[in-house]
Amino acid sequence: MSAEPHPSLPPVRLHSDAELARDALVAPLFARAVRLARWAGPDTRVDTGGELVAAQLPEAVRVLGLDAADADATAYASQAWRVAVDSGLVDVTEPEEDSGADAEAQFGTAAPGEDLALVTSGAPGDVLDLWLAAVDTVLADAAVPDLEDLVDALDEGGEIDFDQLDWNPRREADFLDGVLANLYLLTVAEGRAAEAPVPLPVLAASMVVPEGMGEPTDAVLEQVSDAMMRLDDQFRQLEPIGLVEFRPVDEELMAEADEPRQGKGKGRGAGKGPDRSADEDEDVSRYGMVRLTPLGLYGIRARMLEAGVEAPAVGELAGKGADALLDAVASYPEGAAQAEIEQWLAGRELPVAAAELLAAARGDDEAAPLRRLRCQQALAPAGPEAEPAVRAVLDDAELGGLARVWLAERGVTDVPAPDPAMVFWLTVDTIAAQLAADGETEELPLLMESLTAHHAGFFDEVWRVEHPATAYVLESMGRLHPDKKSAKEARKAAFKARSRQPWPGSYS
């Protein structure tokens, strides 16, 4: 997959390998490929390249149970055969180059491949590997221009005029990879329902409209419309392999778009596509809707990983230590972090797990406040079994405040009161964690006000706190605190803190 990697992808929640393998086996195109692989035998004849000879295609159509009267039946059979060959479900022996008059040697032969047995006797991962190989074939096919466009581009000598076709294989493959990467990112985005389909115009615009552009120009809108038509063709081809669920562009809209351009091109997509200046109240689904299936999420992530893109999945940290868990989930959206933490805790003895989490939460590096926030999040649902581990850190300078909050939330009455230094330190740590997790949100000023309201002379003392983020937090409070007097005091305190010790890194 050659799409540009995203700098940081949210973790995806995948179905189990067993569920995904079942989905792969019932994907129409893959199921057809398996059926043809089982049909292949001594009488099967292939041309150069392993394609079925024309005389075999009617039998392949019959084996697949397709309607021979359907104009597309032969194409479906041919595609399924190609997938079977490319994925290793079928082994072919191509015809000899110098066959002479030997009619039999003019054709190659085919037989079920060794990998076909994996469909029934292999592990789920084996089935998914076969399916991924099939996906590669389908994606390569989807990047090829429409057959009618190819015919139009043939010159008198029977060669394709690529200048007329305006087709660059690498460019087309990169475009499709980029589309699928954007669709993946939209699917895993925090706060968006993974099952919600994406309108085709949105996906096309993500590939065409320059970042930061306000109102798109007519030229850009025309490019978006062209991209929609390409995607409409391509997603129709990707749906049978199980990558996507797709609602094509309404054919009536196609007809309306083609009417003014009659005689300027042939077939669907010859014009510039549906008019995107339609009434805003019009049903957007008429312009096409697409969503990645659970199997599609797995497939696109696998291709990203192969290309070196970091694409985490929820649950892959379950076997790692608490330090690796907190380091990773520190950058996760809250929902994904909670899901990862729950899977990490599952199967572990809670007293031991709680002690590991608290130990991993220590530190004075810039990521430490957010690690402690995620640790607090991990311990939030814990019951009495975690109490000994929490009590053990009551005197810890970095964890004592967290421990007191945890115990107080459970109604424990014998918790020693924190000294002012611990209160101030915890306040700085809490705000630093929130800034690292979500940035300057609308809720943050209210949190600042809540944390400082009950401490007379808070800003007279807090600048002395030995925390790497003290000056950084006070500067943020100077900008965001809803009380103007407190904001002014925060700015003065930040200056004192910065003068006292210029902390390095992003806090500087």
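Of the 508 residues in the protein chain, 44% are buried, and this description rests on a predicted model. The chain contains 24 helices and six strands, and among its contacts between residues at least 6 apart in sequence, 68% join residues at least 24 apart.

**Nonpolar cores**

- The largest nonpolar core has 81 residues, among which Trp 81, Leu 89, Trp 131, Tyr 184, Phe 235 and Leu 238 touch the most other members.
- Helix 6, which spans residues 124-142, gives the most to this core, with 10 residues.
- Leaving out residues up to four places away in sequence, Trp 81 touches Leu 36, Trp 39, Ala 40, Thr 44, Val 46, Gly 50, Glu 51, Leu 52, Val 90, Val 92 and Ala 110.

- Two or more lining residues come from each of helix 17 (368-379), helix 19 (400-409), helix 20 (420-438) and helix 21 (444-452).
- Helix 20 provides the largest share of this lining, with nine residues.
- By residue class, the lining of the second largest pocket divides into 14 nonpolar, six polar and four charged residues.

- The buried residues of helix 23 are Thr 470, Ala 471, Val 473, Leu 474, Ser 476, Met 477, Gly 478 and Leu 480.
- The elements that cover these buried residues include helix 20, helix 21, helix 22 (458-461) and helix 24 (484-500).

- His 481 is found in the loop between helix 23 and helix 24, and with a relative accessible area of 7% His 481 is buried, the cut-off for a buried residue being under 20%.
- The side chain of His 481 makes a polar contact with the side chain of Thr 452, at 3.2 Å, while a polar atom of the His 481 side chain lies 3.1 Å from the backbone nitrogen of Asp 483.
- When neighbours within four places in sequence are set aside, His 481 is in contact with Met 448, Glu 449, Thr 452, Phe 459, Ser 486 and Ala 487.

**Arg 374, in helix 17**

- Arg 374 is found in helix 17, one of the helices that give two or more residues to the lining of the second largest pocket.
- Arg 374 is buried, since its relative accessible area is 4% and buried means under 20%.
- A polar atom of the Arg 374 side chain lies 3.1 Å from the backbone oxygen of Val 329.
- Not counting residues up to four places away in sequence, Arg 374 touches Leu 326, Val 329, Ala 330, Tyr 332, Pro 333, Glu 334, Ala 337 and Ile 341.

Conventions: Residues numbered from 1 in each chain as written. Predicted model: local features only at pLDDT ≥ 70, side-chain atom pairs only at ≥ 80, totals over all residues. Heavy atoms only, no water. Helix = DSSP H or I, 4+ residues; strand = E, 2+ residues; numbered from the N terminus. Nonpolar A, V, L, I, M, F, W, Y, C, P; charged D, E, K, R; others polar. Buried < 20%, exposed > 50% of the residue type's maximum accessible area, 1.4 Å probe, protein only. Contact = heavy atoms within 4.5 Å. Core = buried A, V, L, I, M, F, W, Y, C linked by side-chain atoms within 4.5 Å. Polar contact = N/O pair within 3.5 Å; in protein donor to acceptor, adjacent residues only side chain to side chain.
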